[in-house]
Amino acid sequence: MNGEKIDMSESMRKGIYILPNLFTTGSLFAGFYGMVATMNGDFKSAALWILASSIFDGLDGKVARLTGTSSKFGVEYDSLADLVSFGVAPGLLMYKWALQPFGRLGWLAAFLFVVCGALRLARFNVQVNTVENKRFVGLPIPAAASMVSATVLLFYHFGWPSSYKKVAILVLIYLLAFLMVSSFRYYSFKDPELIKRQPFAFLVLAVLLFIVIAAEPLVMLFVIFICYTFSGIIGFLMTWPRRRRLEKAIHNKHARDEQ
C-alpha cells in the first residue's frame, strides 16, 4: 500500500495527461448537468446528457490508449466520474421520473442501482489486469445508465406518461442493478480484430444498420441497449450445457485420479 502511494505521488509530481482527463471531465460535466436537468423536471434533457456522458466516457479511454497516455490517476478519476455520471445521475433520474410514487420501494431501487454501480466499478478496477480483455464481467455501468436514458427517451417518443407500465420500470431498475454485479459476460468491443480487414458483407450490414437507426433513432437506441443488456443472460444460457459437460468431465477426472 505504501509503495502504491509513493508511485502515485511520484507520478503526480511529474504531471498528468491533459487530453484523456479532459474527456473524463466532459463526461463528469454531462452527468452532473443531467442531475441538474432532473431536479428541474426536464427528464428528456437529463436522459440526453447522460447519453452524451457515455460518449465522452468511451472517448477518454480510446484517446488514452491511442496516444499512450494511460495513467493510474486517469483510471481513478474515470471511476469517480463514472459513479457520478452513470450511477447517481441515472438513479436520480429514474427516481424523480418514475419511481417516486413507489415510496420506499422506489428510492431503494434507485439506491440499489447506485450501489451496484459502485460495486461494479470497484470490481472492474481490481480485475482489470486479470480478466479477458474482450469481455466484461457484469453489465458495464455506462451501458446500464444508457439503458435508463433510452427507456426515458422511448417513453417521450411515444408520448407515454411515466406512470405507464411503471411496475415494468421498477423491475428494469432492479434487473440492471443485478446484472451489474452478476458474473454474466458482456462483449467489450475492445477486440483489435474489429478494426482489421473484414468481409464485404460486414460493410453492407453496417450500412443497413445505420439506415435503420437513422429511420427511428430513439426506438433503435432502445432496441440496441435492451439487446446488449440481455446478451449476457442469453450467452450464459447458450454456453450452460457446454460448461456443465466440462465441469462433469473435470469432476470425473478428479474422481479417477483419487482412486
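1. **Surface and burial.** The protein exposes about 15,700 Å², and carbon and sulfur atoms supply 69% of that area. Accessible areas come from the Shrake-Rupley method with a 1.4 Å probe; for residues, only the protein chains shown count as cover. Of the 259 residues, 34% count as buried. Here buried means under 20% relative accessible area, exposed means over 50%, and partly exposed lies in between (1.4 Å probe, protein chains only).

2. **Basis of the model.** This is a predicted model: local features need pLDDT of at least 70, side-chain atom pairs count only at pLDDT 80 or more, and totals for chains, interfaces and linings use all residues. Residues are numbered from 1 along each chain as its sequence is written, and side-chain values use heavy atoms, with hydrogens and water left out.

3. **Fold content.** The protein has 9 helices and 2 strands. Along the sequence the pattern reads α-α-α-α-α-β-α-α-β-α-α. Helices (H or I, at least four residues) and strands (E, at least two) are DSSP runs, numbered from the N terminus. Among contacts between residues at least 6 apart in sequence, 81% join residues at least 24 apart. Contact means heavy atoms within 4.5 Å.

4. **Annotated spans.** An unreviewed UniProt entry lists "transmembrane region" for residues 16–37, 105–124, 136–156, 168–187, 199–215 and 221–240. UniProt positions are given in the numbering used here, feature names are shortened, and annotations may be inferred rather than shown by experiment. Two of these spans can be set against the model. Residues 221–240 are 100% helix and 0% strand, with end C-alpha atoms 29 Å apart. Residues 168–187 are 65% helix and 15% strand, and their end C-alpha atoms lie 26 Å apart.

5. **Helix H3.** H3 covers residues 43–67. Its 25 residues reach 36 Å from first C-alpha to last, close to the 36 Å expected at 1.5 Å a residue. The expected span is 1.5 Å times one less than the number of residues. The buried residues of H3 are Phe 43, Ala 46, Ala 47, Ile 50, Leu 51, Ser 53, Ser 54, Asp 57, Asp 60, Val 63 and Ala 64. An α-helix has 3.6 residues a turn, so residues three or four places apart point the same way. After H3 comes Gly 68, with a positive phi near 65 degrees.

6. **Ser 53.** This residue is found in H3. Ser 53 counts as buried because its relative accessible area is 0%. Leaving aside neighbours within four places in sequence, Ser 53 is in contact with Ser 27, Ala 30, Gly 31, Ser 85 and Phe 86.

7. **Helix H5.** Residues 104–127 form H5, which has 24 residues. The helix reaches 34 Å between its first and last C-alpha, close to the expected 34 Å. Gly 106, Ala 109, Ala 110, Phe 113, Val 114, Cys 116, Gly 117, Arg 120 and Leu 121 are buried in H5. The buried residues of H5 pack against helix H4 (72–99), strand E1 (135–137), H6 and H7.

8. **Helix H7.** H7 spans residues 166–180. Its end C-alpha atoms are 22 Å apart, which agrees with the 21 Å that its 15 residues should span at 1.5 Å a residue. The buried residues in H7 are Ile 169, Leu 170, Leu 172, Ile 173, Leu 176, Ala 177, Leu 179 and Met 180.

9. **His 157.** Helix H6 (residues 141–158) holds His 157. His 157 counts as partly exposed because its relative accessibility is 36%. Beyond four places in sequence, His 157 is in contact with Glu 216, Leu 218 and Val 219. The C-alpha atoms of His 157 and Leu 218 are 7.1 Å apart, although 61 residues separate them along the chain.

10. Leu 203, Val 204, Leu 205, Val 207, Leu 208, Phe 210 and Ile 211 make a nonpolar surface patch of about 680 Å². Patches are made of residues with over 30% relative accessible area and no salt bridge: like charges are joined within 9 Å, nonpolar side chains (Val, Leu, Ile, Met, Phe, Trp, Tyr) within 5 Å. A salt bridge is a side-chain nitrogen of Lys or Arg within 4 Å of a carboxyl oxygen of Asp or Glu. Leu 208 sits in H8 (residues 200–215). At 46% relative accessibility, Leu 208 is partly exposed.

11. Ile 213 touches Met 220 and Ile 224, not counting residues up to four places away in sequence. Val 223 lies in helix H9 (residues 217–258). The C-alpha atoms of Ile 213 and Val 223 are separated by 9.9 Å. Those of Val 223 and Met 147, 76 residues apart along the chain, are separated by 9.4 Å.
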